[in-house]
Amino acid sequence: MTEEVGCITGELTVVTTAFPKGQAWVAVQYRGADEWYTLTGTPAPLTAGESLAQYHQRVLDAVRAGGEAVAPPAAGTGQ
């Protein structure tokens with residue numbers, strides 16, 4: 001699920017970028033396209049001690065699971 005165009009499907013590229021104050025921003029694009037879209041729920045907080053790579057893996061897992069995925073909440077929050 002994206003902020004700009006809603007749900008997108010198909011082959012996607014996902015980029016996770018560190019933001020200040022322990023947050024991460026996630027963008028997705030159709031593979032090979034020029035336009036990037038903000039994943040709904042970002043910027044999102046990282047869990048204390050969680051690396052950007054670990055958060056990126058959680059994002060990938062959510063996107064692969066489908067179902068209008070949004071940015072995962074901080075690990076351990078139960079949300």
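Mentor: The discussion below concerns a predicted model, and each term is set against its cut-off.

Trainee: Why is Thr 2 called buried?

Mentor: Buried means under 20% relative accessible area. Thr 2 has a relative accessible area of 5%, so the term buried applies. This residue is found in the segment before strand 1 (12–19).

Trainee: Which residues does Thr 2 contact, leaving aside its neighbours within four places in sequence?

Mentor: With those neighbours left aside, Thr 2 is in contact with Cys 7, Ile 8, Val 28, Tyr 37, Thr 38 and Thr 40.

Trainee: How do you know that Leu 12 is buried?

Mentor: Leu 12, placed in strand 1, has a relative accessibility of 17%. The cut-off is under 20%, so Leu 12 counts as buried. Its contacts, apart from neighbours within four places in sequence, are Gln 29, Tyr 30, Arg 31 and Val 63. The C-alpha atoms of Leu 12 and Val 63 are separated by 9.3 Å, and the two residues are 51 residues apart along the chain.

Trainee: What makes the pairing of Arg 31 with Glu 11 a salt bridge?

Mentor: The rule asks for a side-chain nitrogen of Lys or Arg within 4 Å of a carboxyl oxygen of Asp or Glu. For Arg 31 and Glu 11 the closest N and O atoms are 2.9 Å apart, so the pair qualifies. Arg 31 lies in the loop between strand 2 (23–30) and strand 3 (37–38) and Glu 11 in the segment before strand 1, so the pair ties together parts that are 20 residues apart in sequence.

Trainee: Why are Arg 31 and Glu 11 called exposed?

Mentor: Exposed means over 50%. Arg 31 has a relative accessible area of 55% and Glu 11 one of 54%, so both are exposed.

Trainee: How many salt bridges does the rule give?

Mentor: The count comes to two. Glu 50 and Arg 58 also meet in a salt bridge, at 2.9 Å from N to O.

Trainee: Why is Arg 58 called partly exposed?

Mentor: Arg 58 has 22% relative accessibility, which lies between the 20% and 50% cut-offs, so it counts as partly exposed. Glu 50, at 14%, falls under 20% and therefore counts as buried.

Technical notes
Residues are numbered from 1 along each chain as its sequence is written. This is a predicted model: local features need pLDDT of at least 70, side-chain atom pairs count only at pLDDT 80 or more; totals for chains, interfaces and linings use all residues. Side-chain values use heavy atoms; hydrogens and water are left out. Helices (H or I, at least four residues) and strands (E, at least two) are DSSP runs, numbered from the N terminus. Buried means under 20% relative accessible area, exposed over 50%, partly exposed in between (1.4 Å probe, protein chains only). Contact means heavy atoms within 4.5 Å.
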